[in-house]
Amino acid sequence: MIEVSKKCIGCNKCVPVCPFAAINMIDKKATMNEACTLCGVCVQVCPVQAITITREEASARDLSGYKGVWVYVELSETGDKTHPKKIKQVTFELLSAGRKLADELGEDLCAVLLTDKNHGYEKELGEYGADKVYMVEHDELFEYNTDIFSSVIVGLVTSHKPSIMLYGATIQGRDLAPRVASTLYVGLTADCTALAIKDGLLLQSRPAFGGNIMADILAPRSRPQMSTVRPNVMKLAEPVHGRAAVVVRESARLDKSLRRVKVLERKIDHGAGTARIENANVIVSGGRGMKTKEKFKQLEEISKLLGGVVGASRAAVDLGFKEKTHQVGQSGTTVSPKLYLCFGISGAVQHIVGMKASDVIVAVNKDPNAPIFNVARYGIVGDVNEIVPKLVEALKKGK
Amino acid sequence: MHIAVMIKQVPDSTEVKINPETGTLIRAGVPSILNPYDHFALEAALELKKKHGFKLSVISMGPPQAKSVVQLALALGADEGVLLSDMAFAGSDTWATSYALAKGIKKIGKVDIIFCGMQAIDGDTAQTGPGVAQQLGIPQITFCEHVDVDGRRVLARKQIDGGHELLEARPPVLLTMIMGKDYAPKHPSFLAVNGSLKKPFHVWSAADIGAEAQYLGLKGSPTQVDKIYPPPQREKAAMFSGSGQEGVEKILSVLRGENFLGE
């Protein structure tokens, strides 16, 4: 519940800061309407502490038995017959982040692996910090399926009671995690950019409103506390050679009837844009300012000369300059290359949240006030249509 | 068949600006819009309605002003609109929202296909769709680009890393849609807007849908916002100006300085 006490002086400070337009000043008193999400921004800005949010304590579940930090292991197809699947890098990033949480809590870090056939996966999982690997090997786990995978995870969580569980915010993780959270009635926070322990609880930080504000989220009353984290957000730890994890084999009762969605066809282009920009060291990206598809093509040359991959803003993709698989940003791919060189991208927040973790950002744009310059290390104010062709020439000469 | 589309009214986050001094959102003049992903979901559903003559209901949850997005969906061709609106919903996280929407859909009746956008642009969680599917105990296909119905088969093309899958499910099923190239958001004509005012529109409270208070709002939400704050500020960029050759030289010197040109 949110309440405004008599202390309210009608100063109006809370009205403009409300992200949801939920406050009206009625008879010089702040009044909340139904748009209120109880986010608490107004409480922070109120100079006279007139606004209070009371959180009713729901009947506390017994949470003392929940221990251990779990990481969902995601496998991806390689297109290679002898090693058809490999562990996705985001899993190692989650183990790296999970290791710190587990150490702080004094609990085990466990990887959860569902597969039809183990190819010695525990070795890498151990080297990246897992103490234990809960492994379910079953023929029905030959490919990801929402119903089958969520039922296995729910079973494991119910019997082993972890306190925290992390998933990659991938197409698979974002399909699986909410299903599990919904079944178990536990909290799930999407796309966390930082995880920490605060008073024994998992403090999950995430951007909201297209990255315009940050929110810290807690799930104090339910376990496990679950988060998804995008690839390339958590820093990858150095693997410890020879560090081994204990394998705990688990069985699952599965049959075909659980598979309510069937795969009729799967087409993967192993050289496709998404896979490549996600792991690229150098990305040369362009936006609306590139004007035409032909001019945009010059970025391919720059990127080739710098040993990189081409990225594109949402606008450039919408205008047909580049395929959607190359889109960087909130509705595209999150990237963190060593170099992000971008031309004619003004920097809508949705784009910025997808590339701001890059090591060095160099932006070229004709508008000196373009928001892209707020995240760039180097900004060049100039006309991309003049600069790009000349840069192609200069780079060619240099080679 | 009966299709339901779940839609949400959101602030147009491309219009949201930040006050650089206080780090707070500048909300003035930011319009409320139909979540763009939901608009694609609606178009996919409308196409099926047109092709097969299915009935189409839209459902939203939000404050009374969210009525406008439901009205827009009606003007675009939906047959029936529902808005779940009640102070008891305030503060709901994705779990509690999924619970309420699932209750609302049950009240609509026997629904065969449920559509929604893969995520809303204000929260970006992509959790509500799967949450509703689980609450209803039905299968889901997330991140769809295209959906077709062939008899009792629902066929969906789903985006996956570096490619796509063609998936099949039997109704009831829930589908979440990306903003793919197969659908384009349309605007209603003036006549359609007028005509939509006569279509059935229900506003339901928590009691109307039989939702239990303990699962709603802040009390029913497993997650809680601990704090909201401005994102950390970055150091200012080193700025250079210069079109043409001058700009090129700057870029080259920056790339050289950061060791991206090799030797």
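This is a predicted model: local features need pLDDT of at least 70, side-chain atom pairs count only at pLDDT 80 or more; totals for chains, interfaces and linings use all residues.
Residues are numbered from 1 along each chain as its sequence is written, and chains are lettered from A in the order in which they are written. Local features need pLDDT of at least 70, side-chain atom pairs count only at pLDDT 80 or more, totals for chains, interfaces and linings use all residues, and side-chain values use heavy atoms, with hydrogens and water left out.

**Stop 1: chain A**

Select chain A. Its C-alpha atoms fill a box of roughly 75 × 65 × 40 Å along the principal axes. Colour by secondary structure to find twelve helices and 22 strands. These are DSSP runs, numbered from the N terminus: helices are H or I with at least four residues, strands are E with at least two. Of the 399 residues, 57% count as buried. Buried means under 20% relative accessible area, exposed over 50%, and partly exposed in between (1.4 Å probe, protein chains only).

**Stop 2: chain B**

Now select chain B. Its box is roughly 65 × 40 × 40 Å. Seven helices and 15 strands are here. Buried residues make up 56% of the 263 residues. Among contacts (heavy atoms within 4.5 Å) with a separation of 6 or more, 72% come from residues 24 or more positions apart.

**Stop 3: where the chains meet**

Show both chains. The area buried between them is about 8600 Å², and carbon and sulfur atoms give 57% of that. Buried area here is the accessible area (1.4 Å probe) that two parts lose on being put together, summed over both.

How many salt bridges does the rule find across the interface of chain A and chain B? Four. A salt bridge is a side-chain nitrogen of Lys or Arg within 4 Å of a carboxyl oxygen of Asp or Glu. Pick Glu165(B) and Arg266(A): they form a salt bridge, with the closest N and O atoms 2.8 Å apart.

**Stop 4: salt bridges inside the chains**

Over all chains the count comes to 33 salt bridges. Select Asp108(A) and Lys132(A), which meet at 4.0 Å, N to O. Asp108(A) is in the loop between helix H3 (89-105) and strand E8 (109-115), and Lys132(A) is in strand E9 (residues 132-137), so the pair ties together parts 24 residues apart in sequence. Asp108(A) is partly exposed at 36%. Lys132(A) is partly exposed too, at 25%.

Next, pick Asp131(A) and Arg243(A). Their closest N and O atoms are 3.0 Å apart in a salt bridge. Asp131(A) sits in the loop between helix H4 (121-127) and E9, and Arg243(A) in the loop between strand E15 (225-229) and strand E16 (246-250), so this pair ties together parts 112 residues apart in sequence.

Move to chain B for Asp148(B) and Lys51(B), a salt bridge at 2.9 Å between the closest N and O atoms. The pair links strand E9 (residues 140-150) with helix H1 (residues 36-52) of chain B, 97 residues apart. Is Lys51(B) buried or exposed? Lys51(B) is exposed, at 51% relative accessible area.

Then select Glu77(A), Glu140(A), Glu143(A), Arg259(A), Arg266(A) and Glu165(B). Salt bridges that share partners join these residues into one network.

**Stop 5: two single residues**

Go to Ser303(A), in helix H8 (residues 293-305) of chain A. Why does Ser303(A) count as buried? Because its relative accessibility is 4%. Beyond its neighbours within four places in sequence, Ser303(A) is in contact with Val284(A), Gly308(A), Val309(A) and Val310(A).

Finish at Ala21(A), in the loop between helix H1 (14-17) and strand E2 (23-26) of chain A. Ala21(A) is partly exposed, at 34%.
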